[in-house]
Amino acid sequence: MNSLFPAPFANGPLFLADHGALDFLNTVALAEGQRHDFWQRDDDVKAWLAQSGLVALPDETPFEPGALLHEARELRETIRTLVAQKKAGEAVNPAPLNRYLASANSHQQLLTGEDGALRIERIYASQTPAQLLAPVAELAASLLAEHHFELVRECEHPECCLWFYDRTKSHRRRWCSMALCGNRAKVARFRQQKRG
């Protein structure tokens with residue numbers, strides 16, 4: 001995706017949150033002590049949406065250049081603020097998220113798969129960036145109102161800002177990823193013990 005980012009982010013944001021709305025937040029990450037936004041252009045947002053599977057991208061988007069990037073960043077910060085407020089036990093103002101929810105225009109459609117099986121799929125309008133992002137807003141609203149929010153966590157590594165939904169059986173997950181921050185913490189602990 002973008003070679004400007006150090007490993008492990010050289011290929012773009014990671015999908016490790018176990019919840020799409022939190023993966024949406026994780027498109028901003030800390031790498032080498034610096035905050036990095038993986039979205040620098042509309043195409044970066046489109047690539048993330050396609051990779052996430054949350055949004056069916058239309059063949060063409062009739063938006064002004066930069067409009068999708070701007071709207072995606074706005075929604076991301078809206079969700080980030082609401083998640084942080086709820087985690088802190090503060091009052092949550094749903095109005096900014098409701099703006100995206102109000103833009104949703106969708107209908108169900110009966111489709112036939114390659115194997116002949118029928119399935120129902122929700123089709124969203126995508127004439128505006130807010131409409132295109134409406135499924136992400138719906139997922140965030142569900143996370144805030146309907147999920148076990150105590151399982152929403154921020155990685156405990158001090159040099160990480162990624163969020164995740166703890167689906168482990170024991171609900172004791174501490175790291176965004178054992179391969180990333182879990183190992184970094186183990187190495188740091190080992191070095192500290194060696195010095196001590």
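Let's start with a pair of side chains: Arg 174 and Glu 156 meet in a salt bridge, with 2.8 Å from N to O. Arg 174 sits in the loop between E6 and H6, while Glu 156 belongs to the loop between E5 and E6, so this pair ties together parts that are 18 residues apart in sequence. Keep in mind as you look around that this is a predicted model. How exposed are the two partners? Arg 174 is partly exposed, with a relative accessible area of 39%, and Glu 156 is also partly exposed, at 44%.

Why might such partners meet at all? Side chains of opposite charge can pair when their charged atoms come close. The structure holds 10 salt bridges, and two others are worth a visit.

In one of them, Arg 76 pairs with Asp 37, and their closest N and O atoms are 2.6 Å apart. Arg 76 is in helix H3 (residues 67-87) and Asp 37 is in strand E2 (residues 34-37), so the pair links distant parts of the chain, 39 residues apart.

Another salt bridge joins Asp 166 to Arg 153, where the closest N and O atoms are 2.4 Å apart. Here, again, distant parts of the chain are linked: Asp 166 lies in the loop between strand E6 (163-165) and helix H6 (178-195), and Arg 153 lies in strand E5 (residues 152-154), 13 residues away. Asp 166 is buried, with a relative accessible area of 0%, whereas Arg 153, at 21%, counts as partly exposed.

To see some contacts up close, find Val 83. Leaving aside residues up to four places away in sequence, Val 83 touches Leu 25, Leu 143, Leu 144, Phe 149, Val 152 and Trp 163.

Definitions and conventions. Residues are numbered from 1 along each chain as its sequence is written. This is a predicted model: local features need pLDDT of at least 70, side-chain atom pairs count only at pLDDT 80 or more; totals for chains, interfaces and linings use all residues. Side-chain values use heavy atoms; hydrogens and water are left out. A salt bridge is a side-chain nitrogen of Lys or Arg within 4 Å of a carboxyl oxygen of Asp or Glu. Helices (H or I, at least four residues) and strands (E, at least two) are DSSP runs, numbered from the N terminus. Buried means under 20% relative accessible area, exposed over 50%, partly exposed in between (1.4 Å probe, protein chains only). Contact means heavy atoms within 4.5 Å.
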